[in-house]
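Here's a quick briefing to read with the structure open beside you.

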Amino acid sequence: MKTYSAKPVEITHDWYIVDADGMRLGRLATLVANHLIGKHKPTYTPHMEGGDNVVIINAEKITVTGNKLSDKKYYRHSGYPGGLTETNLEKLLATHPTRAIEYAVKGMLPKNRLQAIRMKRLRVFVGPEHPHAPQNPQELKGNF
């Protein structure tokens with residue numbers, strides 16, 4: 001038996017849409033990360049970019065369990081001494097609701113050179129409108 005390896009001409013990138021209204025952040029990120037990687041396809045090859053494009057709408061309506069709104073912290077550093085800034089999830093959702101989903105999905109992707117390519121296939125929108133209707137995205141459902 002030989003191991004199957006997909007060829008670049010065999011790879012197709014489908015379009016999926018996810019409505020994040022009422023979904024939990026971690027479960028949504030897991031579902032989206034698996035589709036960005038392409039693990040749901042029978043032609044999955046770890047070293048090639050075979051994932052799909054994913055559009056997420058209603059990013060501001062995600063939910064989290066427990067006290068994560070106040071306890072979950074996001075850090076960034078300016079590069080200067082004392083330049084560490086800390087933001088909790090509640091403030092991040094109020095100012096930039098798309099970033100919470102982007103950070104969660106990026107954390108679930110493998111840390112290799114395909115990560116940036118896969119993140120470019122993710123589109124997150126605050127409201128229900130998006131400019132990718134001509135691609136006819138299929139609705140993506142999971143166990144939530």
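A crossing is called right-handed if the near helix is turned clockwise from the far one by less than a right angle, and left-handed if the turn is anticlockwise. With that in hand: the crossing of helix 1 and helix 4 is right-handed. Keep in mind that this is a predicted model.

**The overall picture**
- The protein has five helices and six strands, and from the N terminus on they run β-α-β-α-β-β-α-α-α-β-β.
- Taken along the principal axes, the C-alpha atoms fill a box of roughly 55 × 35 × 30 Å.
- Of the 144 residues, 38% are buried.
- If you look at contacts between residues at least 6 apart in sequence, 69% of them join residues at least 24 apart.

**Helix 4 and its buried side**
- Helix 4 spans residues 97-108, and its buried residues are Pro 97, Thr 98, Ala 100, Ile 101, Ala 104 and Val 105.
- Those residues sit on the same side of helix 4, because they cover an arc of only 160° around the axis.
- What do the buried residues of helix 4 pack against? Their partners are helix 1 (25-37), helix 3 (89-95) and helix 5 (115-120), plus strand 2 (53-57), strand 3 (73-77) and strand 5 (122-124).

**Helix 1 against helix 4**
- The two helices pack at an angle of about 55°, with their axes 8 Å apart.
- On the helix 1 side, the contact takes in Leu 25, Gly 26, Leu 28, Ala 29, Thr 30, Val 32, Ala 33 and Leu 36. Helix 4 meets them with Ala 100, Ile 101, Ala 104, Val 105 and Met 108.
- By type, the residues of this contact divide into 11 nonpolar, two polar and no charged.

**Thr 98, in helix 4**
- Thr 98 is found in helix 4 and has a relative accessible area of 18%, so it counts as buried, the cut-off being under 20%.
- Not counting residues up to four places away in sequence, Thr 98 touches Ala 59, Val 124, Phe 125 and Val 126.

**Pro 46, in a loop**
- Pro 46 lies in the loop between helix 1 and strand 2.
- Is Pro 46 buried or exposed? Its relative accessible area is 52%, so Pro 46 is exposed, which takes a value over 50%.
- Leaving aside neighbours within four places in sequence, Pro 46 is in contact with Leu 114 and Arg 118.
- The C-alpha atoms of Pro 46 and Ser 5 are separated by 9.0 Å, with the two residues 41 residues apart along the chain.

How values were computed: Residues are numbered from 1 along each chain as its sequence is written. This is a predicted model: local features need pLDDT of at least 70, side-chain atom pairs count only at pLDDT 80 or more; totals for chains, interfaces and linings use all residues. Side-chain values use heavy atoms; hydrogens and water are left out. Buried means under 20% relative accessible area, exposed over 50%, partly exposed in between (1.4 Å probe, protein chains only). Helices (H or I, at least four residues) and strands (E, at least two) are DSSP runs, numbered from the N terminus. The arc is that of the directions from the helix axis to the C-beta atoms. Contact means heavy atoms within 4.5 Å. Axes are lines fitted to C-alpha atoms, for helices over the stretch in contact, and angles run from 0 to 180 degrees between N-to-C directions. Ala, Val, Leu, Ile, Met, Phe, Trp, Tyr, Cys and Pro count as nonpolar, Asp, Glu, Lys and Arg as charged, and the others, Gly among them, as polar.
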